[in-house]
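Morning, everyone. I have one structure to walk through today.

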Amino acid sequence: MATLPFKDIPLREAALQHKAELARRWALASEPCAEEVSTPPTKLLLGELGWVAEPLKRLFRPALDIPQARHPQTVMLLPGFGAHPIRMRYMARQLEKAGHTAKRWGVGYNFGATEDRFRKVENRLIDLFDRKGEPVVLVGWSLGGVMAREIAKLHPEKVSKIITMGSPFSGSPRANNGWRAYQAIAGHRVDEPEFDAIPAEKPPVETIALWSPRDGVVSPRSACGRPGERDRTVCLRCTHMGFVNTPEAIEAVLRELDAR
């Protein structure tokens with residue numbers, strides 16, 4: 001029987017390792033849910049597909065009337081799972097029209113709550129604080145909001161307030177329609193992030209939770225939270241994808257930035 005040339009052995013081993021890793025991630029995505037959880041119905045999940053038409057809708061609706069901020073602030077935007085900061089660019093532009101300074105989180109795509117990604121965002125916050133000389137507002141969409149809460153627990157003096165948008169910080173981490181995809185892509189269980197975290201524990205800074213009963217991805221109860229897990233809640237009527245581009249959501253964020 002022919003044998004592989006010596007130079008091809010590392011390549012073969014790499015292929016086997018890649019195959020084993022794919023199998024491991026498939027197994028994570030195929031795990032049964034060991035608890036009774038409430039997730040948004042399929043009808044709402046399908047409604048999330050409407051986000052692809054958002055740029056076209058924007059052409060036919062009046063431009064937002066953006067009032068000037070009473071208290072201009074530095075705002076760091078943290079994208080949701082699987083999203084790139086470019087998905088929050090429209091919101092960033094509206095915040096800047098109001099006079100705020102909008103900053104990306106500096107990491108690129110959000111492919112999960114890994115130790116490396118968390119530390120990079122933590123360092124980004126520290127850098128913004130050092131350069132601006134004032135606390136930063138963290139606006140986190142979905143998983144980005146969960147990460148924002150944990151970062152603020154480590155650096156409360158560097159964060160003026162947190163605004164989460166459809167973020168699953170309360171109850172079961174599987175009370176959403178995305179946990180299987182999360183486990184497949186991130187490579188770890190949704191309730192086993194690579195850094196110490198207690199999502200439901202409120203950070204020691206003002207924390208506002210934006211949530212929607214029309215959210216097709218995250219359970220509204222999970223995004224709203226219980227008393228003691230956040231300071232205030234704001235109910236919107238947008239989809240999960242709409243938290244970063246609908247007039248209703250952007251106006252809500254602007255109001256919260258000016259609230260003192």
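One definition before we start: a residue is buried under 20% relative accessible area, exposed over 50%, and partly exposed in between. Keep that in mind for the side chains. Also keep in mind that this is a predicted model.

Overall fold. The protein chain has nine helices and six strands. It has 260 residues, and a compact globule with that count would have a radius of gyration near 18 Å. The chain comes to 20 Å, which agrees. Along the principal axes, the C-alpha trace spans about 80 × 45 × 40 Å.

Now contacts and surface. Take contacts between residues at least 6 apart in sequence: 78% of them join residues at least 24 apart. Of the 260 residues, 46% count as buried. The chain exposes about 13,400 Å², and carbon and sulfur atoms supply 57% of that.

On to charges. Side chains of opposite charge can pair when their charged atoms come close. How many salt bridges does the structure hold? The count is 20. I'll take three of them.

Start with Arg189 and Glu192. Their side chains meet in a salt bridge, 3.7 Å from N to O. Arg189 has 31% relative accessibility, so it falls in the partly exposed class. Glu192 is partly exposed as well, at 43%.

Next, Glu206 and Arg232. This salt bridge is 3.3 Å, N to O. Glu206 sits in strand 5, residues 206-211, and Arg232 in strand 6, residues 232-235, so the pair ties together parts that are 26 residues apart in sequence. Glu206 is partly exposed at 29%. Arg232 is partly exposed at 32%.

Third, Lys120 and Asp116. Their side chains form a salt bridge of 3.3 Å, N to O. Why are they about one helical turn apart? Because they are four residues apart in helix 5, which covers residues 115-132. Lys120 is partly exposed, with 45% relative accessibility. Asp116 is partly exposed too, at 48%.

Which residues make it? Leu56, Leu59 and Phe60 do, and the patch is about 400 Å². Phe60 lies in the loop between helix 3 (54-59) and strand 1 (74-78). Is Phe60 buried or exposed? At 69% relative accessibility, Phe60 counts as exposed.

That's the tour. Over to you.

Terms used. Residues numbered from 1 in each chain as written. Predicted model: local features only at pLDDT ≥ 70, side-chain atom pairs only at ≥ 80, totals over all residues. Heavy atoms only, no water. Patch = residues over 30% accessible without salt bridge, like charges linked within 9 Å, V, L, I, M, F, W, Y side chains within 5 Å. Areas by Shrake-Rupley, 256 points an atom, 1.4 Å probe, with all protein chains shown as cover. Salt bridge = Lys/Arg side-chain N within 4 Å of Asp/Glu carboxyl O. Helix = DSSP H or I, 4+ residues; strand = E, 2+ residues; numbered from the N terminus. Buried < 20%, exposed > 50% of the residue type's maximum accessible area, 1.4 Å probe, protein only. Rg over C-alpha atoms; globule rule 2.2 N^0.38 Å. Contact = heavy atoms within 4.5 Å.
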